[in-house]
Amino acid sequence: MTREQYLQHLQILKRYITEMGERSCQSVSDSMISLITQDMELAEKVIQKDMIIDEYYLKIEKCISQLIARQSPTAGDMRLVTSCLKIAVDLERASDLAVDIARITKCIEEKHTKPFSNVLKMSELGKEMLQHSIVAFDTLDEELARKTAAKDDEVDRLFYVSQKELIEMMSGDRSIINNGSYLLFVLRYLERIADHACNICESVVYMASGERANLN
Amino acid sequence: MSDDFANGTEIAVKGLNLWYGKNHALHDISINIPKNSVTAFIGPSGCGKSTFLRCLNRMNDLIPGCRIEGDVNINGEDIYSKDVDVVDLRKRVGMVFQKPNPFPMSIHDNIAYGPRIHGIKKKEIDGIVEGALKAGALWGEVSDRMGISALDLSGGQQQRLCIARTLAVKPEVILFDEPCSSLDPISTGKIEDLILKLKKDYTIVIVTHNMQQAARISDYTAFFLLGDLIEFGKTGQIFENPREKATEDYITGRFG
């Protein structure tokens with residue numbers, strides 16, 4: 001095997017993405033737990049831990065600049081390197097959205113209102129999509145990437161249904177407008193998290209096959 | 001120039017000027033080359049990088065009309081001082097050239113040649129030959145035919161043989177003058193991997209026309225132009241964000 005050092009650098013890059021992905025998934029999961037259980041401490045933890053995710057982003061960007069400047073990656077290696085840059089952006093944004101949800105935990109008033117069953121479903125789906133997109137990346141599993149992205153339709157459907165339901169509830173009971181408006185944002189953030197998972201799946205398909213697929 | 005290298009400085013050059021007759025070929029070069037690292041010299045043809053490399057083991061002494069001023073210290077010793085034994089210096093500072101140049105003798109004898117003339121006892125030679133060929137990443141390919149002529153090896157194997165031959169006399173520094181320019185990409189890859197392994201035990205300086213090779217394997221890069229050292233820094237910095245416009249123009253292919 002030639003170019004051992006280069007291959008090691010590619011492995012390090014892959015590892016950074018996987019680790020960053022795991023942390024992003026954890027943030028999304030924790031932010032939703034903090035919201036549901038009104039756990040302020042956990043919300044604060046999510047906010048604090050975002051710094052680590054941002055550091056991962058910088059590490060990945062630096063690693064990629066060096067790989068391009070010094071190793072001239074081509075073919076599958078080039079697809080990996082360019083995809084990693086995009087995936088890192090998606091993971092960073094997904095984590096920022098988790099932070100936004102954690103901030104809402106701190107703003108929301110004690111009792112929540114009803115459409116929580118759909119929020120929970122959306123959150124489970126979003127988390128699962130993000131997790132599976134990272135597994136698909138790690139194992140270069142194009143089929144899993146496509147299957148995962150296909151779940152976005154259900155997330156979108158839940159988003160529109162819940163949004164409508166929540167607006168109707170708020171127009172009927174003005175006392176829930178404060179919490180309801182925050183929940184609208186949570187719905188939107190979860191929908192965006194699923195979109196980022198979709199983007200990651202598209203990157204995985206490109207890495208695996210070279211096809212620029214539109215799965216969103 | 002400051003010395004903030006992790007492993008310290010191996011070669012310290014200060015105010016080096018070189019003339020070929022009236023031609024002032026190197027202008028006031030000062031550079032510290034770090035220990036146990038790969039340092040690459042890049043620059044267009046005629047920029048002085050090979051000339052400068054040859055200053056580091058006094059190969060320019062052999063060129064008529066060549067005059068050198070300035071200090072070159074290797075591990076604290078002034079190599080241009082009058083009492084330096086040049087043969088011993090070239091043992092300490094080995095060199096591998098552009099074209100593989102094995103001696104017209106067997107593989108074994110090519111490696112054994114150096115240790116023999118330096119007075120190593122016969123019974124130790126075989127061990128040294130095996131060790132050098134292993135370190136040169138060639139042992140596995142030639143261990144069952146040590147008696148054949150070195151000239152029967154492929155170009156890439158011959159070049160690794162020349163590296164092994166250099167290692168056999170236990171140098172401190174190895175100078176590579178475009179060691180891969182006559183090799184195919186596979187052999188080049190093997191030599192590059194070998195260089196990366198060797199830096200653990202040796203200080204390596206490499207002149208290369210292949211900028212990507214410098215980018216791939218070196219820790220530090222020096223850019224020469226028209227006899228001047230334009231920029232010297234960590235390879236990552238030189239290839240991502242060079243300080244000098246001339247360096248950027250050269251490495252991005254915008255020259256001339």
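**Entry 1**

The model is a predicted one, in which local features need pLDDT of at least 70, side-chain atom pairs count only at pLDDT 80 or more, and totals for chains, interfaces and linings use all residues. Residues are numbered from 1 along each chain as its sequence is written, chains are lettered from A and ligands numbered from 1 in the order in which they are written, and side-chain values use heavy atoms, with hydrogens and water left out.

I then noted a salt bridge from B:Lys134 to B:Glu130, with 2.6 Å between the closest N and O atoms. A salt bridge here is a side-chain nitrogen of Lys or Arg within 4 Å of a carboxyl oxygen of Asp or Glu. Both residues belong to helix 4 (residues 122-135) of chain B and stand four residues apart, about one turn of the helix. Helices (H or I, at least four residues) and strands (E, at least two) are DSSP runs, numbered from the N terminus. B:Glu130 is partly exposed, at 29% relative accessibility.

**Entry 2: Bridges between distant parts of chain B**

I found a salt bridge between the side chains of B:Arg160 and B:Glu141, at 2.8 Å from N to O. This pair links distant parts of the chain, 19 residues apart: B:Arg160 is in helix 6 and B:Glu141 in helix 5 (residues 139-142) of chain B. B:Arg160 is buried at 4% relative accessibility, whereas B:Glu141 is partly exposed at 29%.

I also recorded a salt bridge joining B:Glu172 and B:Arg92, at 2.9 Å from N to O. Here the partners are 80 residues apart, with B:Glu172 in the loop between helix 6 (155-167) and strand 7 (173-177), and B:Arg92 in helix 2 (residues 86-92) of chain B. B:Glu172 counts as partly exposed at 27% relative accessibility, and B:Arg92 as buried at 14%. Over all chains, I noted 21 salt bridges in the whole structure.

**Entry 3: Chain B as a whole**

I counted 10 helices and 10 strands in chain B. Its C-alpha trace spans about 55 × 45 × 35 Å along the principal axes. Of its 256 residues, 53% count as buried.

Definitions and conventions:
Buried < 20%, exposed > 50% of the residue type's maximum accessible area, 1.4 Å probe, protein only.
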